[in-house]
Protein chains: 2
Amino acid sequence: MKKITVNLGKRSYQIIIGYKIINLLSGYLKKLNLTESSVVITNARIKKIIGIKLINVLKSANISYRFKTVPDSEKSKSQAIAFKLIDRISYFTKLKTPFIIALGGGVVGDLAGFIASVYKRGIPYIQIPTTLLAQVDSSIGGKVGIDLAYGKNLVGSFYQPRLVLSDIALLNTLPKKQVISGLAEVIKYGLIKDKVLFEYIEKNYQRISGLERPSLEYIINKCALIKADIVTQDEKETKGVRTILNFGHTIAHAIEAAGNFKAYNHGQAVGLGMLAAAEISLDLGLLSSKETISRIKDLLFSVGLPVKLKGLSIERIIKALAFDKKFIRGKNRFVLLKNIGQAVIREDIPVLVIRRALKKIIC
Amino acid sequence: MKKITVNLGKRSYQIIIGYKIINLLSGYLKKLNLTESSVVITNARIKKIIGIKLINVLKSANISYRFKTVPDSEKSKSQAIAFKLIDRISYFTKLKTPFIIALGGGVVGDLAGFIASVYKRGIPYIQIPTTLLAQVDSSIGGKVGIDLAYGKNLVGSFYQPRLVLSDIALLNTLPKKQVISGLAEVIKYGLIKDKVLFEYIEKNYQRISGLERPSLEYIINKCALIKADIVTQDEKETKGVRTILNFGHTIAHAIEAAGNFKAYNHGQAVGLGMLAAAEISLDLGLLSSKETISRIKDLLFSVGLPVKLKGLSIERIIKALAFDKKFIRGKNRFVLLKNIGQAVIREDIPVLVIRRALKKIIC
């Protein structure tokens with residue numbers, strides 16, 4: 001079992017990573033003084049798999065609980081669902097201020113965290129991430145939010161959880177597609193910050209895809225350490241440090257939006273977005289060799305991620321880009337690569353260059 | 001002109017109080033680096049009065065602007081209106097991240113601040129309060145939020161403005177009822193923190209009600225200083241300092257909710273709530289003399305606030321109390337008086353005592 005601390009003064013919290021560790025939850029909740037009533041936000045699939053175990057833990061800690069399930073889809077990050085849940089919570093917790101347990105992947109975490117951030121001007125929440133993507137990335141750092149018609153996460157805030165409990169055993173029940181989706185973020189950490197991690201995945205991708213426990217533990221711990229370090233330095237993404245976590249994401253969000261969140265899932269879009277960002281880096285002379293692009297492409301392909309964009313026009317993606325939060329104040333801002341393990345930020349990338357990069361990855 | 005600083009580290013900001021000072025805005029915006037595009041959230045009445053002046057200031061500063069008006073009613077603090085505005089903002093500001101100008105009373109300030117707090121995980125906003133209530137209280141301190149069916153401000157956060165610009169000249173156009181409503185909060189500051197202020201109002205209530213400039217300046221500055229000091233000590237109401245600002249408000253919120261936000265406006269409800277809290281204080285032996293209650297009642301009556309509750313049953317108010325945020329974790333918590341100018345916090349006030357106090361103020 002590994003413990004990582006996200007150091008944010010009064011908002012500090014621990015990330016616990018281990019195998020079959022759900023039963024440790026009651027001890028942590030007690031330490032955090034979260035002892036009265038809880039609302040578990042999850043989806044039906046996860047509830048079926050781990051619901052009873054979690055209920056037993058909460059019962060043993062004498063914590064009352066209510067489960068609220070939402071569809072297992074990005075569409076759950078909506079104003080309608082968020083406020084329906086808030087209405088239910090305000091109704092059934094009446095006199096008590098509950099804490100929220102986000103039991104699920106990125107969608108559940110972002111939604112539940114958003115609800116916690118605004119209900120009664122903020123109530124505590126904890127993350128129990130059940131997907132690889134959530135364990136290595138979205139459960140850590142307090143980015144919470146819901147989507148609008150004009151783009152993902154347009155409504156939200158920075159609101160830290162009180163605890164992240166990552167049980168690796170939960171990944172065994174994960175659909176293959178979601179494991180692959182999470183691997184895109186793992187590869188991202190390697191590309192922006194850690195060449196050793198990137199090379200570890202190159203050598204061990206079969207073990208990882210096969211969900212072998214030691215390699216899973218290795219990569220999840222590595223990624224969580226990187227994320228915790230970055231969040232500690234730049235909690236609210238105001239210092240340009242946290243920005244590098246968006247590597248591949250600017251174009252990924254546009255790909256997701258252009259495909260109505262159906263054509264590509266988040267991980268697939270991130271893979272393609274990273275490839276496009278690498279092409280931009282090469283085009284601008286930041287990356288010195290084409291070979292690096294081949295290495296990235298090969299690794300994405302090996303883990304089962306798409307390396308060609310199909311069924312979407314460049315124009316639709318460019319249009320969706322214009323609504324991205326990361327296109328601040330009219331200027332665009334991209335995270336690019338100088339090397340594997342070394343990211344840089346560049347502003348004002350000409351649309352022409354973006355188009356050229358998209359052309360390279362389109363079928 | 002007076003300047004007060006709310007000291008909150010990186011979130012510090014100034015409160016500027018003066019007569020006909022709207023034209024100073026461009027200089028402050030420049031200092032704050034708010035120089036691109038703005039969205040002005042206001043209501044039709046205020047827009048008519050001050051809209052052109054504000055537009056001229058924004059034009060002279062080369063800041064683009066869009067006005068969005070909302071109905072002048074508590075009902076504007078709704079999920080539907082908040083998200084309609086967010087949708088419009090995300091549509092018409094497209095590539096640019098705007099800042100928001102909250103131009104209005106408490107409703108506009110709370111709503112606009114809430115929108116600023118969640119749009120793109122937080123954009124800057126400034127307050128130009130146009131009512132006495134907003135100038136002395138709600139525009140300062142970053143409490144933003146919207147209402148739910150089950151109670152006021154159930155969704156929101158603590159999100160500080162970048163500037164508060166209180167132009168006393170704006171109060172000249174205020175309906176009499178709203179001036180009176182604001183005076184309830186002014187009296188509150190005297191009761192909880194400043195006997196001198198309370199006695200000043202006792203002596204000068206006619207000058208204040210007549211909107212004479214020196215007495216208005218005196219009370220607004222006094223109140224803003226008290227509020228700024230309290231917010232500086234306890235930004236997020238976690239240390240029990242800010243709590244005293246809720247004097248009268250626990251019961252006031254219940255009165256407003258029980259009357260469907262129609263029977264009594266906020267100031268009227270606060271007046272009655274303070275009276276009820278004073279009765280509880282007397283009942284519990286905190287206040288030593290009945291005479292203090294008479295003084296409070298006389299002053300409320302003098303400024304035109306109700307001193308008797310009509311048309312609502314005690315049971316409805318008790319029921320509405322149960323949904324108030326201030327009834328934390330099943331315990332209730334009341335701000336009570338030991339003296340004029342001296343507030344104390346007490347928990348677990350028996351419902352019996354609350355009922356007895358309500359009986360004293362009911363017709």
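The radius of gyration here is taken over C-alpha atoms, and the rule for a globule is 2.2 Å times the number of residues to the power 0.38. Keep that in mind for the first point. One caution before it: this is a predicted model.

Chain A has 363 residues, so a compact globule of that length would have a radius of gyration near 21 Å; the value for chain A is 20 Å, which agrees. Along the principal axes, the C-alpha trace of chain A spans about 60 × 40 × 35 Å. Of the 363 residues, 51% are buried. Now the contacts in chain A with a separation of 6 or more: 74% of them are between residues 24 or more positions apart.

Next, secondary structure. Chain A contains 13 helices and 11 strands. I will take one pair of helices.

Two packed helices are described by the angle between their axes and the distance between the axes. The pair is α6, residues 176–193 of chain A, and α8, residues 213–233 of chain A; their axes come within 10 Å and cross at roughly 55 degrees. The crossing of α6(A) and α8(A) is left-handed.

Which residues make the contact? From α6(A) they are Val186(A), Tyr189(A) and Lys193(A). From α8(A) they are Ile219(A), Lys222(A), Cys223(A) and Ile226(A). Sorted by type, the residues of this contact are five nonpolar and two charged, with no polar ones.

That is the pair, and that is all I have for today.

Notes. Residues numbered from 1 in each chain as written. Chains lettered and ligands numbered in written order. Predicted model: local features only at pLDDT ≥ 70, side-chain atom pairs only at ≥ 80, totals over all residues. Axes fitted to C-alpha atoms, helices over the stretch in contact; angles between N-to-C directions. Helix = DSSP H or I, 4+ residues; strand = E, 2+ residues; numbered from the N terminus. Left-handed = near helix turned anticlockwise from the far one by under 90°. Contact = placed C-beta atoms within 7 Å. Nonpolar A, V, L, I, M, F, W, Y, C, P; charged D, E, K, R; others polar. Buried ≥ 20, exposed ≤ 12 C-beta atoms within 10 Å, placed from the backbone.
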